[in-house]
Amino acid sequence: MQAFAYGILSLKPQEFWSLTLAEYNLMIKGYELREEQEWRRTAQLAAWVMSPHLKRPITADKLFKKKQTNQITSPEQSKQVLNELMDEFGIVQ
């Protein structure tokens, strides 16, 4: 988590340690949204460049296919992930 915070999110150690887990997760989601938007923009540019050279113009949506990240987890799997996070942060139940 720290490597991602310091490298990708460009947080300073003091900023990282002052965040709650919920705030950190929101920052990660924001990063993911920003990356997705950049890929969509790149796909649109690629579609504009490619289309004049194709018999059928291509759309950005065909070039950019968002990967499926929504996974349904069982209550047991969710509890296991929560326990692992609590162990990692040293939270005693």
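Modeller: In what follows, Ala, Val, Leu, Ile, Met, Phe, Trp, Tyr, Cys and Pro count as nonpolar, Asp, Glu, Lys and Arg as charged, and the others, Gly among them, as polar. This is a predicted model, in which local features need pLDDT of at least 70 and side-chain atom pairs count only at pLDDT 80 or more, while totals for chains, interfaces and linings use all residues. Residues are numbered from 1 along each chain as its sequence is written, and side-chain values use heavy atoms, without hydrogens and water.

Colleague: Into which classes do the residues of the lining of the second largest pocket divide?

Modeller: A pocket is an open set of points on a 1 Å grid over the protein atoms alone, where a 1.4 Å probe fits, with protein on both sides within 12 Å along at least five of seven lines; lining residues have an atom within 4 Å of a point. Here the lining consists of N25, K29, V81 and L85. These residues divide into two nonpolar, one polar and one charged.

Colleague: How far apart are the closest N and O atoms of R40 and E36?

Modeller: A salt bridge places a side-chain nitrogen of Lys or Arg within 4 Å of a carboxyl oxygen of Asp or Glu. R40 and E36 form such a pair, with their closest N and O atoms 3.2 Å apart.

Colleague: Is E36 buried or exposed?

Modeller: Buried means under 20% relative accessible area, exposed over 50%, and partly exposed in between (1.4 Å probe, protein chains only). R40 is partly exposed at 32%. Because its relative accessible area is 18%, E36 is buried.
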